[in-house]
Amino acid sequence: MEHHLLKYLREEILPTTHCPGCGCGQVLNAFVNAIDTLRIDPRGIISVTGIGCSSWIPSPYFKGDTLHTTHGRAIAFATGVKVIRPDSNVVVIAGDGDLAGIGGNHLIHAARRNVGLTVYLVNNYIYGMTGGQVSPTTPFGVVTSTTPYTNAEYPLKIAELVAAAGANYVARWTTYHIRKLIASMEEALQTKGFAFIEIVSQCPVAYGRRVGLRDGVAFMEYFKENSVSVRKSKTMSEEELEGKIVVGRLARRERVEFTESLRKIIEEQRTGTGA
Amino acid sequence: MKADPAGVLAGAHYLDGDFACGEGAMAAGCRFVGGYPITPSTEVVERMSRRFPMMGGIFIQMEDELASMAAVVGASWTGTKSMTVTSGPGFSLMMENIGLGAMMETPCVVVNVQRGGPSTGLPTMVGQADVMQARWGSHGDYELIALSPQSPQEAFDLTITAFNLSEIYRVPVMFMLDECVGHMTEKVVIPKAEDIEIVPRRLTKKPPGEFFPYRVNGNSVPEFARAGDGYRFHTTGLTHDERGYPVMSADCQEVCVKRLLDKINDNADDIIMLEEEDIDGADVVVIAFGITARVARMGIELAAKKGIKIGFIRMITLWPFPEKRIRELAGKIKAFVVPEINYGQMVLEVERCAGGKAATVSVPHGGGGVHDPDVIRDAIVGAAK
Ligand SMILES: Cc1ncc(C[n+]2csc(CCOP(=O)(O)OP(=O)(O)O)c2C)c(N)n1
């Protein structure tokens with residue numbers, strides 16, 4: 001019997017190109033589980049992706065409209081889509097290099113505008129597709145192919161940044177917390193306004209081998225042992241939080257969504273009731 | 001199809017080129033603009049952001065020009081006519097996503113009100129030095145269309161043409177004003193909506209299961225499906241097959257890229273607009289575009305007093321280049337004279353097409369002003385010798 005979630009995938013181009021042990025498959029699995037639970041018609045999902053392994057989670061495998069754009073610009077592209085199709089679920093999936101590095105400015109401003117996108121940032125701590133270069137989320141002191149004598153930079157707390165920028169929904173989970181991740185993905189999909197989840201994921205091939213985590217299982221154990229809840233993190237000092245992954249919901253607001261504000265202005269000007 | 005009256009400010013107006021361009025866009029049916037302020041182009045979006053709500057249009061001031069161009073390509077994939085507006089520095093930032101637009105075959109218009117460059121250059125003063133960038137600015141092989149208006153009236157008329165061409169050929173169209181045309185104020189007559197012909201998006205009539213985003217069926221331009229309509233299609237900046245799926249191979253590259261070139265080159269005769277004067281029997285032909293075309297006419301008048309037979313070609317279409325016409329003329333005349341506000345860009349194309357059969361004389365100007373007509377006269381006189 002065919003798997004009940006296969007209908008969401010473009011079977012004709014499976015299997016995916018992802019490496020053994022990669023977290024991208026788990027994220028794809030979680031994503032289709034979330035839309036299946038919510039009974040969202042995939043014809044109403046427009047996914048926009050950047051460049052990188054993580055962008056290949058929906059592009060081209062997810063069977064909705066999938067638009068595979070340029071490195072870092074998926075959110076800007078998706079903004080153009082969303083304001084014209086406010087009733088579609090416009091979903092952006094991309095990596096830490098894509099969304100927090102080269103496209104970081106778009107991420108901040110989309111959160112500030114509170115445009116109704118659902119953004120899943122897959123943070124594998126590394127530039128995976130290009131073969132393991134340092135990323136804005138790579139921890140201090142780690143050896144990568146472009147920091148051969150260890151990384152001298154500090155990692156960006158990207159979810160906290162997006163929360164500060166004004167997004168309506170922000171959370172962080174790992175691929176170990178798969179059920180919580182699915183529930184969170186559902187919340188994000190149902191959020192009006194900008195919704196963002198940092199999904200801490202594993203890249204055994206380009207990152208794991210640098211830090212002694214050689215396969216997916218080793219990563220699951222690592223995520224399990226090193227995650228602390230948002231609630232618990234509030235009782236911990238900065239030193240105690242060093243190297244920990246704070247998981248859970250970081251922001252929930254009800255600010256009016258950008259497209260809604262735009263439409264309201266259009267309506268007021270058309271009917272002569274506005275400023 | 002006729003224009004939507006909501007976007008058409010019919011009547012006689014006194015407008016500058018930037019405003020006229022904005023009016024042309026609205027008349028053409030443009031309903032999304034993503035842009036970032038930059039002199040001397042900002043008036044276009046200031047006008048549009050004020051008038052847009054009345055016709056249901058959306059302007060977003062994006063965080064930069066990378067975002068502007070990306071949002072424009074995104075908006076166009078919903079079927080909405082989309083445009084961005086910029087000048088040199090912003091044009092440079094847009095290049096990667098102009099290439100994406102070309103690769104995904106996205107109708108859209110990019111307005112560049114040219115100022116002096118390079119870098120920040122002369123923000124408030126004229127230049128025409130982005131014409132090669134318009135053609136070659138993004139990486140890889142692709143073809144697109146670029147137009148150059150010489151007056152506010154043309155800024156209006158040709159903006160509509162730019163949108164129409166972008167729809168017919170599914171390419172980004174570069175609308176290359178220069179600061180002089182952008183900031184000069186003249187009479188602009190805007191026709192009634194029923195007298196404005198516009199080209200709508202060519203949407204597929206096929207049902208979702210039978211639609212392939214890049215299948216052409218003898219035509220060189222594929223049909224379009226809008227994002228959100230349930231087609232569940234894939235499109236990408238990667239080399240792709242007719243399903244839109246990425247295929248990393250030399251064979252697929254050949255098919256995919258070759259068609260991007262062919263769809264413009266094979267239709268070059270239909271696309272190219274030239275204005276020709278006194279070509280028959282001419283010894284020297286002056287070729288110019290934008291504000292320089294108007295200045296060149298003065299130079300021609302001065303040189304004609306010396307009894308020289310001078311023809312004139314005004315290039316309205318910069319790209320694709322009027323290769324065939326230049327080749328034809330090269331065997332018949334002595335020389336081409338090419339004044340332009342740069343250090344010799346379009347003249348390179350003229351020289352290439354002349355193929356040594358006629359001399360080519362560049363009349364450069366570094367920018368910040370227009371040519372002294374006497375300089376053009378002297379170049380013509382020199383070329384006629
Ligand atoms: C403008 C541009 N610069 C660089 C690249 C090369 N490049 C492709 S993917 C990538 C990084 C991918 O890293 P990330 O976004 O973290 O995604 P991952 O592959 O790890 O999922 C880079 C630098 C590109 N495609 N475009």
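Two strands are taken to pair if DSSP finds at least two bridges between them, and strands (E, at least two residues) and helices (H or I, at least four) are DSSP runs numbered from the N terminus. In those terms, strand S15 (residues 335-340) of chain B is joined to S16(B) by six bridges, and the two run parallel; within this pairing, B:Pro339 stands opposite B:Val363 in S16(B).

The model is predicted, so that local features need pLDDT of at least 70 and side-chain atom pairs count only at pLDDT 80 or more, whereas totals for chains, interfaces and linings use all residues. Residues are numbered from 1 along each chain as its sequence is written, while chains are lettered from A and ligands numbered from 1 in the order in which they are written.

**The sheet of chain B**

S15(B) and S16(B) belong to an open sheet of five strands with mixed pairing, in the order S11-S13-S12-S15-S16. Strand S11 (274-277) and strand S16 (359-364) of chain B stand at the edges with a single partner strand each, so one side of each is left without a neighbour in the sheet. From one strand to the next the twist averages 20°.

Angles run from 0 to 180 degrees between N-to-C directions, and axes are lines fitted to C-alpha atoms, for helices over the stretch in contact. Helix H12 (residues 346-354) of chain B lies across strand S12 (284-288), S15 and S16 of chain B and runs at about 165° to S15(B). H13(B) touches S12, strand S13 (310-315), S15 and S16 of chain B, and its direction makes about 165° with that of S16(B).

| Helix pair | Axis distance | Angle |
|---|---|---|
| H10(B) (residues 291-304) and H13(B) (residues 373-384) | within 8 Å | roughly 55° |
| H2(A) and H3(B) (residues 65-76) | 7 Å | about 45° |

Angles under 35 degrees count as roughly parallel, over 145 as roughly antiparallel, 65 to 115 as roughly perpendicular and the rest as oblique; H10(B) and H13(B) are therefore oblique to each other. Their crossing is right-handed, a term for a near helix turned clockwise from the far one by less than a right angle, anticlockwise being left-handed. The residues of this contact divide into 10 nonpolar, one polar and two charged, where Ala, Val, Leu, Ile, Met, Phe, Trp, Tyr, Cys and Pro count as nonpolar, Asp, Glu, Lys and Arg as charged, and the others, Gly among them, as polar.

**Between the chains**

The crossing of H2(A) and H3(B) is right-handed, and the contact includes A:Phe77 and A:Val81 of H2(A) together with B:Leu66 and B:Val73 of H3(B). Its residues divide into 11 nonpolar, three polar and no charged.

Across the interface, 34 residues of chain A are in contact with 37 residues of chain B, and H2(A) gives the largest share of the side of chain A that touches chain B, six residues. By class, that side has 15 nonpolar, 13 polar and six charged residues.

**The ligand**

The ligand is surrounded by 17 residues, the closest being A:Gly52, A:His71, A:Gly95, A:Gly97 and A:Gly128, where a residue is near if its C-beta atom, placed from the backbone, lies within 6 Å. Helix H3 (residues 96-102) of chain A supplies the largest share of this shell, three residues, and by class the shell has six nonpolar, nine polar and two charged residues.

How values were computed
Two residues are in contact if their C-beta atoms, placed from the backbone, lie within 7 Å.
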